[in-house]
Amino acid sequence: MLGTFIDAFVFPGLLYALVWTVGLFWFFRKFMAPLHKRVGPYFNGPHGSYQTLFDLSKLWTKESITPKGVNSYLFSIMPLLAVVIGLLPAAVVPWTPSGPALSSQYSLLILVVLIGIEPFLFFLTGFGSENKYSFLGGIRVLTQAISFETAFFLAALAPALFFGSLDLSVIVEKSSWGSFLILLPAFAIYFVALLGLLEQPPFNIPDAEQEVVYGFLTEYSGTNYFLLNLSKFVEFMAVFAGAGALYMGAYKGIFFDGYTWFFLKMVAVAVVMITIRAATPRITLNQMLAFSWRWLVPISLINLAWVLLARALFFS
Amino acid sequence: MSKSMEGVAKALESFETEYVENYKPTWFKAKLKSPDEIVAVAEAMKAEGLRTLSTVSPTDWPEEGIMEMNYFFEDLETKRNCWVKCEIPRDPERCEIDSITPVVPSAEWHEREAYSMFGVRFRNHPDLRYLILSPDYYGKFPFRADFDMAAHEKEQLEHVKEIVRDFKAEQEANDAELDPEGSEMVLNWGPTHPASGPIRLKVRCDGEDILGVDPEIGYVWRALENLVTRKDFVGAIVAVERLCFMDNINSMTGYCMAVEEIAGVEITPFAKWMRTLLGEIARISSHMMGTGNFYNTMGLHTIMLWNLDVREYFLDVLESYSGARIATAAIEPGGVRYPLDMKLMDELQRALDKFDATIGDIETVFAKNPTMRHRARKIGKISAQEAIDWGLSGPVLRASGVRSDVRLDEPYAAYDQVEMDYVTVPGGTAADRFQTIFEELKQSVKIIKQAKKRIEEGVASGEFDPSKDHMVKVPKKLPAGEAVSRVEWARGEVLMHLVTKEKAKSPYRLKMRAPSFNHTMVLDRLLRGKTLSDIPLVFGSMYVCQGDLDR
């Protein structure tokens, strides 16, 4: 009973997600700053690390405005739902050698499906906002999600086929340097699809500030805005954790196994993501569609063939 | 050059004129006897090659009861220009003239502006609505000499109910026009949109596809052209420099040249070189923002911050010279405002060193960025012929491959002694415009190096006295006169048309023709049929500043 409470509210539950959000948000800012020739957060706390905490708590306590004419139920329930759905995948990820909070034979399936639901919730927030820009943003979220989830699922399927299991714990246990090399193309596809799913440059089309004024976020403020941002950072966590568990051996490391290694691997993914963010302009919706369906999806199908071939050749 | 200035004179021969005179080496000036011939003149000019209308500038003369119309025709390829004047009655009922927009498309918005500000009605204009003024404006035309602010406010208050009624009617018309079951809608792109600046683009779209764009301007209208008439000739520079803060030096240079022409004053070579030097610094400061802003429209802010880092050093130079980083007020009729402390040259050298050390990185990461090029080289395409017909200028014009640059076509300041060439890029797409602005940054640095060397040599040899030569005296009262001056501003051609009365202490009329006006005018043609994602990029590539758009 107590263990379940700790799982749900401390680790890997709510508190962990909050700490992760504050930490990752600060890291994004602090790492981005020198790339921009800036200093970044500086004054509050060591290296400005309290800054994000203050920003989030400020958002949290501000007035949440619900515009006239919207379906206020849909408008307010969606941010909450987005956070809850975003938190769930953490339960099936094997964070430490002692296994995940919720053991399941189908934990990979649970992970990708829960990640896949998130964009539909964002679409509904845009749909429920009664704003032309939010609506356009919502449509864009949906378009992008459909385009990238195919490649994302196919890339996540590669380790499952290779190790013959849908259980993340089994995949992590069986992983080795050899499997890492064989799954490297799948990892690359997963990473590109991750940029699309998380709406990161060059695929930050749904919430493009200069085009659709942050898309589905336009009408949100205060607590609701905080919840939507929180759900995005929690989604970052789930997707990074998926990358760590599927391809990089999760908690496995040199000299010792443990959460530290998992954390470092997730940070490494974040570093690459931010560096791309600092140097790549946004592409258009049409270019994104063409890229996804003409290149990414066919390549991820070919990659599946390669994984099956490699399994038959080296591991039968 | 096959086409000569004589051709322009010949084209004017068949019309009844009061005079045709050589105004400047590249300018003819003529006055028509009858305003009815203006369309025929425009056709003759077009046939001769003067296809662009720089601007229309009415001058209001209430004592004589006339409105004097000034048309400035330009040939951007062979560098010939013609200033055509004619007179129409100023009585609001009869203040009419034929529109030349059907012949010369670049006149479209200029005629709308003349209509809004002076009440000149243009017959046969395709779209004669108020520009800059709100569509529900009631009252007298604001730039007329007999405009009375108190009476105007009273009149507005009397019409409050009508204004509200019109506003509601417009909203209802919008709703009725759009099919409630369809996916068409009107997006208000601005004036508070993150990428718009203070301008409102009424974008009619079907989902992501654009059906039409109608720019509505006037959100930062400061009536600068009217403001200068309330200041003396020196004080007017602070209004002129506010054309746009990014390149304020060159606009002041243009105004001061017009004042000096009427006063008959020749400035010293030292002051000319200083104007060149400061002008290029201001151009760099503007282009740095321009290239940064281009990328901002695609959601990438890194280059802007890198550019600002370099730009600071150039602003330091302006600050050390004039005391201000942005609104410098450093150019004055008669020369430049302050004597030169030669320590400034060390500071300038630091800025140049910083530029040379950074520009390579910016070029590798951003100017050659494949994602940007892949996206930007497909949109916003303007052919050379279109660019000329629409009256585009500056980097936007040169990106379409047209060799036109006022610094070379009609050299002012010390540009006749500077080694430089046209920076042109063929292609005319958004990517080419970025490329042109980027290349011009390097060109400006080369010019600064030449100017710096020349000033240092001149001071060393005793030819220039930096503590005295910066100014020659310009009388406080000017004779009656009229002058036109052109400068190559960072964004393109700025034309100043200055009119003074006898013993005037302040300008009677100053028309500032600024490039963003035409660049915004063509947005609809560039964006129709494209998608919403292209709006910020095309708009950003046109290098528009709302400051000189509204004035």
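1. Let's start with one pair you can find by eye: B:R325 and B:D316 join their side chains in a salt bridge, with N and O 2.9 Å apart. The term salt bridge is used here for a side-chain nitrogen of Lys or Arg within 4 Å of a carboxyl oxygen of Asp or Glu. B:R325 is partly exposed, at 25% relative accessible area, and B:D316 is also partly exposed, at 26%. For these words, buried stands for under 20% relative accessible area, exposed for over 50%, and partly exposed for what lies in between (1.4 Å probe, protein chains only).

2. A word on what you are looking at. This is a predicted model, in which local features need pLDDT of at least 70 and side-chain atom pairs count only at pLDDT 80 or more, while totals for chains, interfaces and linings use all residues. Residues are numbered from 1 along each chain as its sequence is written, chains are lettered from A and ligands numbered from 1 in the order in which they are written, and side-chain values use heavy atoms, with hydrogens and water left out.

3. Back to salt bridges: over all chains the structure holds 58 of them. One is formed by B:K442 and B:E363, whose closest N and O atoms are 3.2 Å apart. This pair links distant parts of the chain, since B:K442 sits in helix α16 (residues 430-460) of chain B and B:E363 in helix α11 (residues 343-367) of chain B, 79 residues apart. Helices (H or I, at least four residues) and strands (E, at least two) are DSSP runs, numbered from the N terminus. B:K442 is partly exposed at 24% relative accessibility, whereas B:E363 is buried at 19%.

4. B:E216 and B:K202 meet through their side chains in a salt bridge of 3.8 Å, N to O. B:E216 belongs to strand β10 (residues 209-216) of chain B and B:K202 to strand β9 (residues 200-206) of chain B, so the pair ties together parts that are 14 residues apart in sequence. B:E216 is buried, at 18% relative accessibility, and B:K202 is buried at 18% too. There is also a network of salt bridges to trace, linking B:E280, B:R283, B:R398, B:D405, B:R407, B:E440 and B:E488.

5. Where do chains A and B meet? The contact (heavy atoms within 4.5 Å) takes 33 residues from chain B and 23 residues from chain A. The area buried between the two chains is about 2,400 Å², and carbon and sulfur atoms give 58% of that. Buried area is the accessible area (1.4 Å probe) that two parts lose on being put together, summed over both. The rule finds two salt bridges across this interface; among them, B:E208 pairs with A:R140 at 2.7 Å, N to O.

6. On the side of chain B that touches chain A, the elements giving two or more residues are β8 (184-189), α9 (269-296), α10 (302-322), α12 (370-376) and α19 (534-541) of chain B. Which element gives the most? That is β8(B), with five residues.

7. Helix α3 (residues 108-118) of chain B deserves a look. 11 of its 11 residues are buried, so the helix is largely enclosed by the rest of the structure. Its buried residues include B:W109, B:R112 and B:F118. After α3(B) comes B:G119, which has a positive phi near 75 degrees.

8. Is B:K31 buried or exposed? At 9% relative accessibility, B:K31 counts as buried. B:K31 is placed in strand β2 (residues 27-32) of chain B. Its side chain is joined to that of B:E87 by a polar contact of 2.5 Å. A polar contact is a pair of N or O atoms within 3.5 Å; within protein, one must be able to donate a hydrogen and the other to accept it, and residues adjacent in sequence count only if both atoms are side-chain atoms.

9. Finally, some backbone details to check. B:K503, which is not a glycine, has a positive phi near 55 degrees and is exposed at 62% relative accessibility. B:Y543 likewise is not a glycine and has a positive phi of about 60 degrees, but B:Y543 is buried at 4%. In chain A, the peptide bond from A:P201 to A:P202 is cis, with omega near 0 degrees. A:P202 lies in the loop between α9 (184-197) and α10 (209-212) of chain A.
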